Amino acid sequence: MASEGILLGMGNPLLDISVVVDHDFLTKYDIKLNNAILAEEKHIPMYEEMSKKYSVEYIAGGATQNSIRVAQWILQSPGATSYIGCIGKDKFGEEMKHNAKLSGVTAHYCEDESAPTGTCAVCVMGGERSLIANLSAANCYKSEHLKRPENWVLVEKAKYFYIAGFFLTVSPDSIQLVAEHAAANNKILSMNLSAPFICEFFKDAQEKVLPYVDYVFGNETEARTFSKVHGWETDNVEEIAIQISQWPKASGAHTRITVITQGADPVVVAEDGKVKKFPVILLPKEKLVDTNGAGDAFVGGFLSQLVQEKPIEECVRAGNYAANVVIQRSGCTYPEKPDFS
């Protein structure tokens with residue numbers, strides 16, 4: 001049984017607008033599959049076109065929130081997880097609050113008066129996804145909200161923290177506050193590389209927080225981008241995972257563990273200069289609905305066991321289980337009860 005508030009996530013809450021699109025749509029808006037980007041001017045008309053032209057599903061999302069919801073689902077222990085991020089005072093924001101409540105997550109949203117709740121276009125073709133995020137209110141999160149006693153209490157209560165790399169674009173000072181608290185109090189901080197553009201364009205912010213990070217998650221594309229940006233001259237995911245795990249640490253209490261997923265290929269875990277590989281649960285192509293949220297679900301499953309101090313093998317097994325469930329459904333959604341033991 002996980003204790004109340006043991007896991008805290010902090011990130012960009014976004015309402016996923018999920019549609020199955022065609023090749024012409026991807027070309028028109030210059031969208032690459034298996035990528036995640038921030039919306040630019042050229043993408044703004046796309047949201048309107050999606051809702052008019054296709055059958056749209058709205059799903060509460062945002063990478064960190066997805067992972068926290070999945071961890072909560074596997075733990076089945078009300079209030080074991082909590083979440084902080086910024087939404088707008090609007091219909092989508094209300095939808096987000098309703099969703100968090102239903103999923104059993106304690107959400108302390110900052111509500112921005114001026115910006116609408118952030119959205120993320122999820123363009124699905126052939127089961128593969130591309131994400132285009134319009135952060136809006138999510139981009140307005142300020143550390144003042146975190147420092148308020150009623151919110152900081154969530155930090156005090158938690159023993160494990162998870163923050164997707166996407167939050168580096170919004171509030172690096174909030175991340176730093178949590179990172180320093182975790183290091184000073186012998187708590188565990190996990191982060192995600194999240195997307196190639198984070199490794200490329202937010203390199204300094206990422207490097208500043210990395211010494212505090214105990215678990216680094218990512219996929220093979222992000223790992224290779226990280227390697228390239230740091231001039232490591234290797235594309236070998238196992239070597240990259242080891243090098244990330246050996247990056248200097250701010251506190252010596254825990255060694256860093258790097259966990260890299262590779263789609264249908266084995267999960268790579270690097271610790272103490274050694275690599276372990278874990279096969280994923282293979283799925284026949286016809287059962288694949290979409291890969292949106294697969295990486296988030298993997299992290300959520302992993303964290304659900306980590307907070308119970310289970311061995312790394314169990315953490316990966318739960319991660320693979322959660323990812324396998326999510327890719328057979330639309331978006332980062334799951335059945336009412338998990339079938340994991």
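**Note on the predicted model: pocket, cores and selected residues**

1. The lining of the second largest pocket comprises six nonpolar, seven polar and three charged residues. Here Ala, Val, Leu, Ile, Met, Phe, Trp, Tyr, Cys and Pro count as nonpolar, Asp, Glu, Lys and Arg as charged, and the others, Gly among them, as polar. A pocket is an open set of points on a 1 Å grid over the protein atoms alone, where a 1.4 Å probe fits, with protein on both sides within 12 Å along at least five of seven lines; lining residues have an atom within 4 Å of a point.

2. This is a predicted model, in which local features need pLDDT of at least 70 and side-chain atom pairs count only at pLDDT 80 or more, while totals for chains, interfaces and linings use all residues. Residues are numbered from 1 along each chain as its sequence is written, and side-chain values use heavy atoms, with hydrogens and water left out.

3. Of the 16 residues lining the second largest pocket, W73, L102, S103, Y334 and E336 lie nearest its centre. Helices α3 (63-75) and α4 (91-103) are the elements that give two or more residues to this lining (DSSP runs: helices H or I, at least four residues; strands E, at least two; numbered from the N terminus).

4. The largest nonpolar core has 90 residues, and L7, F217, F298 and F302 have the most contacts inside it. Such a core is a set of buried Ala, Val, Leu, Ile, Met, Phe, Trp, Tyr and Cys residues joined through side-chain atoms within 4.5 Å. Another core, of 14 residues, lies apart from it and includes F25, L26, Y54 and C123.

5. Q305 is found in helix α12 (residues 294-306) and is buried, with a relative accessible area of 3% (buried: under 20%; exposed: over 50%; partly exposed in between; 1.4 Å probe, protein chains only). Leaving aside neighbours within four places in sequence, Q305 is in contact (heavy atoms within 4.5 Å) with I74, K310, E314, C315, A318 and F340.

6. Q262, in strand β12 (residues 257-262), is buried at 14% relative accessibility. With neighbours within four places again left aside, Q262 is in contact with E220, V237 and V268.

7. Most residues other than glycine have a negative phi. S194, not a glycine, has a positive phi of about 75°; S194 lies in the loop between β10 (188-192) and α8 (196-201) and is buried at 10%. D272, also not a glycine, has a positive phi of about 50°; D272 is in the loop between β13 (265-271) and β14 (274-278) and is exposed at 52%.
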